[in-house]
Amino acid sequence: MTAQETKIKIIASILEKFKTRFRVFDNTAGDKRVVAEQFPDIIFLQPEPPPNNNILFVMKIETGENLLDSVAEWKGLGNIPSVLYIVVPASKLDEAKKLANAAGVRAKFAWYELSGENLKQIQYE
């Protein structure tokens, strides 16, 4: 499974899990929303009724290829008043936390596990 296919599966799982509790936007397709001059993968807004567009959480999904390349984007998203979740493979969790800490990124983490081509689970801090 490619990194893009993995990312699509993770985003679909997260959208399905939280769609009844929040207004959740997949920011990887169609019209993209800019947050802190960045493009987070998923944006969580307060539930209805609109026009309440307060962002509660943003998520950046990482496939673990090269986390160091993502730190600059994490820094931008980590400075917004809402919560940044960085979602990484379970095997990369410690590395991601160390990179974020070293760069002063304010974030929470989620991690996922794959079993073959299937998404086994996603855990959240």
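Glu-95 is partly exposed, with a relative accessible area of 35%, where partly exposed is the range between buried (under 20% relative accessible area) and exposed (over 50%), for a 1.4 Å probe and protein chains only. Its side chain meets that of Lys-92 in a salt bridge (3.4 Å, N to O), a term that requires a side-chain nitrogen of Lys or Arg within 4 Å of a carboxyl oxygen of Asp or Glu. Lys-92 is likewise partly exposed, at 25%.

The side chains of Glu-125 and Lys-97 form another salt bridge, at 2.9 Å, N to O. Because Glu-125 lies in the segment after strand 6 (118–124) and Lys-97 in helix 3 (residues 93–103), this pair ties together parts that are 28 residues apart in sequence; helices (H or I, at least four residues) and strands (E, at least two) are DSSP runs, numbered from the N terminus.

## Basis of the model

The model is predicted, so local features need pLDDT of at least 70 and side-chain atom pairs count only at pLDDT 80 or more, whereas totals for chains, interfaces and linings use all residues. Residues are numbered from 1 along each chain as its sequence is written, and side-chain values use heavy atoms, with hydrogens and water left out.

## Other salt bridges

The count comes to six salt bridges, and Lys-7, Asp-41, Lys-60 and Glu-73 are linked in a network of them.

## Positive phi angles

In the loop between strand 1 (23–26) and strand 2 (42–45) lies Ala-36, which has a positive phi of about 50 degrees although it is not a glycine. Glu-37, in the loop between strand 1 and strand 2, has a positive phi of about 60 degrees and, at 73% relative accessibility, counts as exposed.
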